Amino acid sequence: MSLSKFFILRVLHDRPMHGYDIARAVELTTNGCCSPTEGTIYPVLREFEEGGYVTVESSVVSGRPRKTYTLTDKGREAFKVGVEAWLEVTRALTETESVIARDRDGGCCA
């Protein structure tokens, strides 16, 4: 799962949102490291809708059409799987950092 998809699921896990809110929430959640654009978010949301990971409710707010995206049970499960996968990657990176530090400090027998 890409990081952008993961973070979209992450913010939708908190509450239903529309596209602009999702983009801002991802940016806040990642402390600005990930600032998804409309060109990133809406294709992912369409993919999530087609896959049954989100539902979409259309409304009109201040005369403008607005779609609100809500995570489904399948989406919540995908988020949990994503968390586990990224935790595994994080563990591997942490182990790699330890190996590099050990090598820098003279190896295991120094």
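# Core, strands and aromatic pairs

Glu57 stands opposite Thr68 in strand E3. The model is predicted, so local features need pLDDT of at least 70 and side-chain atom pairs count only at pLDDT 80 or more, while totals for chains, interfaces and linings use all residues. Residues are numbered from 1 along each chain as its sequence is written, and side-chain values use heavy atoms, with hydrogens and water left out. Helices (H or I, at least four residues) and strands (E, at least two) are DSSP runs numbered from the N terminus.

**Strand pairing**

- Strand E2 (residues 54–61) pairs with E3 in the antiparallel sense over eight bridges; two strands count as paired if DSSP finds at least two bridges between them.
- E2 and E3 form a hairpin with two residues between them, and Ser62 in the turn has a positive phi of about 55°.
- E1 also runs antiparallel to E3, to which two bridges join it.
- In this second pairing, Met17 stands opposite Tyr69 in E3.

**Nonpolar core**

- The largest nonpolar core has 21 residues, and those with the most contacts inside it are Ile8, Leu12, Ile22, Val26 and Leu45.
- Two or more residues are given to this core by each of helix H1 (3–14), helix H2 (19–29), helix H3 (38–51), strand E3 (64–71) and helix H4 (73–104).
- H1 supplies the largest share of this core, six residues.
- A nonpolar core is a set of buried Ala, Val, Leu, Ile, Met, Phe, Trp, Tyr and Cys residues joined through side-chain atoms within 4.5 Å. Buried means under 20% relative accessible area, exposed over 50%, and partly exposed in between (1.4 Å probe, protein chains only).
- Leaving aside residues up to four places away in sequence, Ile8 touches Ile22, Val26, Ile41, Val44, Leu45 and Phe48; contact means heavy atoms within 4.5 Å.

**Helix H2**

- The buried residues in H2 are Gly19, Ile22, Ala23, Ala25 and Val26.
- Seen down the axis of H2, these buried residues fall within an arc of 165°, so they line one face of the helix. The arc is that of the directions from the helix axis to the C-beta atoms.
- An α-helix has 3.6 residues a turn, so residues three or four places apart point the same way.
- Tyr20 and Leu28 are exposed residues on the face of H2 turned away from its buried side.
- The cover over the buried residues of H2 includes H1, strand E1 (17–18), H3 and E3.

**Aromatic pairs**

- The whole structure holds three aromatic pairs.
- Phe6 and Phe7 form an edge-to-face pair, because their ring centres are 5.4 Å apart and their planes lie at 70°. Rings of Phe, Tyr and Trp (its six-membered ring) pair if their centres lie within 6.5 Å; planes under 30 degrees apart count as stacked, over 60 as edge-to-face and the rest as tilted.
- Phe6 counts as buried at 11% relative accessibility, and Phe7 is buried with a relative accessible area of 18%.
- Phe48 and Tyr53 form an edge-to-face pair, 6.0 Å centre to centre with 65° between the planes. Phe48 is buried at 5% relative accessibility, whereas Tyr53 is partly exposed at 26%.
- Ring pairs link Phe6, Phe7 and Phe79 into a cluster.

**Annotated span**

- An unreviewed UniProt entry gives residues 8–80 the annotation "domain: Transcription regulator PadR N-terminal"; UniProt positions are in the numbering used here, feature names are shortened, and annotations may be inferred rather than shown by experiment.
- Residues 8–80 are 55% helix and 25% strand, and the end C-alpha atoms of the span lie 13 Å apart.
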